[in-house]
Amino acid sequence: MEGTAVDTDVIIVGAGPTGLMLAAELRLGGARVVVVERLAKPTGQSRGLGFTARAMEIFDQRGLLPRFGQGETLEISPMGHFGGVQFDYTVLEGGHFGARGIPQYKTEAVLEEWAAELGVDIRRGWEFLELTDGFLDGDDVEITVQTPNAVRKLRASYLVGADGGRSVVREAAGFDFPGTSATRAMFLADVTGCELRPRFLGERLDNGMVMAAPLAPGVDRIIVCPDDAPARPSGESVSFEEVAAAWQSITGEDISHGGAEWVSFFSDATRQASEYRRGRVLLVGDAAHIHLPAGGQGLSTGVQDAANLGWKLAAEIAGTAPEGLLDTYHGERHPVGARLLMNTRAQGMVFLGGPEADPLRQLFGELIQYDDVKRHLAGIVSGLDIRYELGDGHPLVGRRIAPRTLVLADGETSTTALLHPARGVLLDLGDSSSVRGAAAGWQGRVDVVTASAKPVDGGTDPLAGAGAVLVRPDGYVAWAGDDVSALEAALGQWFGPARP
């Protein structure tokens with residue numbers, strides 16, 4: 001054994017979108033972070049092609065959207081589907097199916113650049129090997145890694161597994177991962193020279209389902225879901241010839257003359273960790289939950305896991321966290337993960353079932369004609385319906401603060417811009433000296449902003465009736481109202497004791 005321990009606050013295993021997002025969030029909170037990644041360089045594969053409306057909000061609150069190379073706004077798709085049944089997501093106020101056409105390698109590059117700017121230490125070609133006992137009740141955690149030159153140990157206050165569905169961290173730490181095993185295999189590829197007809201939201205045919213969308217001149221993303229393809233071992237490889245044969249079996253179209261930039265397969269396995277934290281080890285993203293990739297929700301849910309955990313873990317490390325704050329990560333995100341698994345399983349039954357699912361597809365087609373049903377399903381897939389159980393009070397409590405323009409004494413800002421530093425925000429909407437005075441003991445942890453909300457055109461003003469609004473660093477409202485004593489209690493609950 002060679003090398004010496006490297007001390008840091010948090011070690012993250014995995015440099016995918018979730019791990020990089022968490023690393024940056026931790027740095028914004030002042031924590032020192034080392035990311036270890038088995039791959040020597042990014043794969044460059046497109047894989048996930050965008051993110052949901054809620055994930056788009058998460059990126060926006062950190063000022064990241066312009067980095068995706070499409071100006072101040074991204075191209076969004078109002079049309080989406082639930083289990084292949086198409087409808088317009090704008091039936092939900094502020095709703096859409098999410099940003100589309102952004103390959104995962106672009107998302108990873110944006111997040112890696114941001115994390116590096118913030119001082120995250122990213123170590124590629126470093127593979128996690130072993131977790132030392134003591135992480136359940138000790139003061140730190142130690143791992144063994146294989147570096148390009150040696151085997152060495154790293155020590156930190158916390159370890160986070162962001163290493164995907166086959167997480168070695170999850171296995172090493174003994175997390176229970178119950179659920180259902182794969183029953184079928186489905187194929188994913190970026191094919192070249194095939195000139196395919198677009199099937200953006202999928203097409204159900206006699207022998208299965210296919211999707212196709214152009215990525216670049218001469219390149220198409222395809223998803224092929226044969227009804228009769230059995231499950232296969234997760235580590236097995238797949239060839240373009242297999243994908244082409246499956247495509248022809250379902251569509252009757254021969255694409256064997258083409259090629260592929262890369263091919264892969266996925267399954268309908270559905271599992272969720274029973275707990276997201278064991279002592280000093282935590283899980284985020286696919287390490288915590290795996291599911292059918294229906295609606296492109298996997299990457300987006302992982303990014304939201306990271307935004308929820310980052311500020312809490314950073315506060316724990318800084319010594320400012322109130323008792324139990326870190327445990328609210330599991331309390332808030334585990335139900336969201338369970339709901340994700342429910343909706344993706346339901347979509348799989350509707351979209352991928354054979355002829356026996358025809359009555360279910362017909363019923364969904366009828367139900368989705370009702371606006372209430374559309375709003376419900378749009379909220380599930382977009383993530384816009386997420387509400388944490390943070391107690392009674394104003395309707396805003398537990399929900400994300402709406403993107404709103406705010407009028408200051410010397411200009412304008414927005415609720416989104418105020419969240420860029422990843423600190424708490426207290427909106428003093430009534431110009432109240434009592435509200436400002438109540439927050440004095442949390443200076444440096446909570447920014448107090450006196451402003452008025454710019455009137456909205458039509459619809460319901462979500463800030464109506466709130467003299468002040470306390471927003472957590474992840475954008476969720478912790479308290480809203482006029483009762484200063486209740487405000488002080490909320491400040492202590494989420495940001496720790498007041499300081500002189």
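User: Which strand holds leucine 154?

Analyst: Leucine 154 lies in strand β10, residues 151-161. Please note that the model is a predicted one.

User: Is leucine 154 buried or exposed, and why?

Analyst: Leucine 154 is buried, because its relative accessible area is 1% and the cut-off for buried is under 20%.

User: How far apart are leucine 154 and alanine 40?

Analyst: In sequence they are separated by 114 residues, and their C-alpha atoms are 18 Å apart in space.

User: What is valine 36 in contact with, sequence neighbours aside?

Analyst: Beyond four places in sequence, valine 36 is in contact with Ile11, Ile12, Val13, Gly14, Arg123, Trp126 and Leu154. Valine 36 belongs to strand β2, residues 33-37.

User: And does valine 36 count as buried or exposed?

Analyst: Valine 36 counts as buried, since its relative accessibility is 1%.

User: New topic: how many residues are in the largest nonpolar core?

Analyst: The largest nonpolar core has 67 residues, and those with the most contacts inside it are Ile12, Leu26, Phe51, Phe59, Leu131, Leu159 and Val281. Helix α6 (residues 297-318) supplies the largest share of this core, seven residues. A second, separate core has 24 residues, among them Tyr476, Leu491, Trp494 and Phe495.

User: What does valine 281 touch?

Analyst: Apart from neighbours within four places in sequence, valine 281 is in contact with Leu131, Phe135, Val141, Leu159, Val169, Ala173, Phe175 and Tyr276.

User: Let us turn to β15. How many of its residues are buried?

Analyst: Eight of the eight residues of strand β15 (residues 219-226) are buried. Val219, Arg221, Ile223 and Cys225 point one way, while Asp220, Ile222, Val224 and Pro226 point the other way.

User: Which strands pair with β15?

Analyst: Strand β12 (residues 185-192) is joined to β15 by six bridges and runs antiparallel to it; there, threonine 192 stands opposite valine 219. Strand β14 (residues 208-216) also pairs with β15 in the antiparallel sense, over eight bridges. Within that pairing, methionine 209 has cysteine 225 as its bridge partner.

User: What lies between β14 and β15?

Analyst: Two residues lie between the strands of this hairpin, in which glycine 218 takes a positive phi near 85 degrees.

Note on methods: Residues are numbered from 1 along each chain as its sequence is written. This is a predicted model: local features need pLDDT of at least 70, side-chain atom pairs count only at pLDDT 80 or more; totals for chains, interfaces and linings use all residues. Side-chain values use heavy atoms; hydrogens and water are left out. Buried means under 20% relative accessible area, exposed over 50%, partly exposed in between (1.4 Å probe, protein chains only). Helices (H or I, at least four residues) and strands (E, at least two) are DSSP runs, numbered from the N terminus. Two strands pair if DSSP finds at least two bridges between them. A nonpolar core is a set of buried Ala, Val, Leu, Ile, Met, Phe, Trp, Tyr and Cys residues joined through side-chain atoms within 4.5 Å. Contact means heavy atoms within 4.5 Å.
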